[in-house]
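Colleague: I am new to reading protein models. Could you take me through one, feature by feature, with the general idea first and the case itself after it?

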Amino acid sequence: MGVLDIVPAGVLTGDNVRKLFDYAKENKFAIPAINVTSTSTANAALEAARDIKSPIILQVSQGGAAYFAGKGLANDKQQASIIGAITAAQHVRLVAKAYGVPVVMHSDHCAEKLLPWFDGMLEADEAYYKEHQEPLFSSHMLDLSEDPKEKNIEICAKYFKRMAPIGLWLEMEIGITGGEEDGVDNTGADNASLYTQPEDVYDVYTTLSKIGPNFSIAAAFGNVHGVYKPGNVKLLPDLLGKHQKYVQEKESGSDKPLYLVFHGGSGSSKDEISTAVGHGVVKMNVDTDTQFAYLTGIRDFILKKKDYLATQVGNPEGADKPNKKLYDPRVWVREGEKTLSERIKVACQDLGNVDRL
Ligand SMILES: [Zn+2]
């Protein structure tokens, strides 16, 4: 039995998202969440998923969503981030079915100051729900990890009460992911907050599970966004096992009751990844490594063909030779899509997310 026996191809919503994550947990694999910033990067991710027969998670960050709509648009009230996120979701909704893969369409970190972005996406979800009986997106992340725990949980619960009835999944963060990504700078975070404690995770679980079952927790275990030289922050994925055990004992419920999310996964070792997946990580964010992968194909192509790209006409083969077949963006951007797609396949392999359909 594969994923397509459980959920359909295309963007998943409601209980289908949980069914996918349950299947991943039971079969000890996780699904990479790829940050996309354009139709080009989104298509490359879908192509990778199709080629290796895997479900995939696509996500837009607040900055990535603004880029999706165009850097030329004003974003002082998050209007470009709202429109861009909606555009991305609509594009993915249209093409995902054609690629034949199940997709979780997600929005990444939303800090308190960015809540107008969240509100805008939620309004779009509610409008879509009225017409189609499901939300536009599959899920959204709220990241109030900089706030005190009580306030973090309170705001998450408030939003989750609005999200659960229309079939939206909520991802929340407790504890802090270190480093810097997309304008969120936690490089100065103190060490204790980089490791979430089981009691804190349980507080999240008890509050949110009263509202609905469709939520996941990004608990910090020394994660850092970006790729850096090894520092003094150590990744402790076994901490995730302690969270699962703590909740299981308190609730005397099932093994691995939590859906966990791995942030800042770029540069992690295969051992660290498989330990995390073994402890119920169902989603791992991949951004830094795929950004670099997208560049490499374009960079190598341009460097290799630079004598053919300096002018529209004229190259080493003759002064009258046209270069149109090389400077067409479908040629050089495509090279980036190929290397991005290959890197996403590697991310899937690292997580055991291959031949799952
Ligand atoms: Zn993150």
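Predicted model: local features only at pLDDT ≥ 70, side-chain atom pairs only at ≥ 80, totals over all residues.

Colleague: Which numbers describe how two helices pack?

Modeller: In general, a packed pair is described by the angle between the two axes and by the distance between them. Here, α5 covers residues 115-132 and α6 covers residues 149-163. Their axes come within 11 Å and cross at roughly 15°. Angles under 35 degrees count as roughly parallel, so α5 and α6 are roughly parallel to each other.

Colleague: Which residues of α5 and α6 make the contact?

Modeller: From α5 come L115, F118, D119, L122, E123 and E126, and from α6 come Y159, R162 and M163. By class, this contact of α5 with α6 has five nonpolar, no polar and four charged residues.

Colleague: At what angle do α4 and α5 pack?

Modeller: The angle between α4 and α5 is about 40°, and their axes are 8 Å apart. That makes α4 oblique to α5, and the crossing of this pair is right-handed. On the α4 side you will find S81, I82, A85, I86 and R93, which meet P116, W117, G120, M121, A124 and Y128 of α5. The residues of this contact divide into eight nonpolar, two polar and one charged.

Colleague: Now for the inside. What tends to happen to nonpolar side chains in soluble globular proteins?

Modeller: They tend to be buried together. In this model, the largest nonpolar core has 83 residues. I56, L58, V103, F118, L208 and I217 have the most contacts inside this core. Another core lies apart from it, with 16 residues, among them V3, V17, F29 and A33.

Colleague: What does I56 touch?

Modeller: Leaving out residues up to four places away in sequence, the partners of I56 include I31, P32, I34, P102, V103, V104 and I344.

Colleague: Which residues of α3 are buried?

Modeller: α3 runs over residues 62-69, and its buried residues are Q62, G64, A65, A66 and F68. They pack against α2, β3, α4 and α5.

Colleague: Which residue other than glycine has a positive phi near 70°?

Modeller: That is Q78, which you can find in the loop between α3 and α4. K28 is not a glycine either, and its phi is positive at about 55°. K28 sits in the loop between α1 and β2.

Colleague: Is Q78 buried or exposed? And is K28 buried or exposed?

Modeller: Buried means under 20% relative accessible area, and exposed means over 50%. With 9% relative accessibility, Q78 therefore counts as buried. K28 is exposed, at 52%.

Colleague: How far apart in space are G175 and S145?

Modeller: Their C-alpha atoms are 5.7 Å apart, while 30 residues separate G175 and S145 in sequence. G175 belongs to the loop between β6 and β7 and counts as buried, at 16% relative accessibility. Apart from residues up to four places away in sequence, G175 touches S145, S193, T196 and A220.

Colleague: And where is L144?

Modeller: L144 lies in the loop between β5 and α6. With a relative accessibility of 1%, L144 counts as buried. Among the residues that L144 touches are A111, N152 and I155.

How values were computed:
Residues numbered from 1 in each chain as written. Heavy atoms only, no water. Core = buried A, V, L, I, M, F, W, Y, C linked by side-chain atoms within 4.5 Å. Buried < 20%, exposed > 50% of the residue type's maximum accessible area, 1.4 Å probe, protein only. Contact = heavy atoms within 4.5 Å. Axes fitted to C-alpha atoms, helices over the stretch in contact; angles between N-to-C directions. Helix = DSSP H or I, 4+ residues; strand = E, 2+ residues; numbered from the N terminus. Parallel < 35°, antiparallel > 145°, perpendicular 65-115°, else oblique. Nonpolar A, V, L, I, M, F, W, Y, C, P; charged D, E, K, R; others polar. Left-handed = near helix turned anticlockwise from the far one by under 90°.
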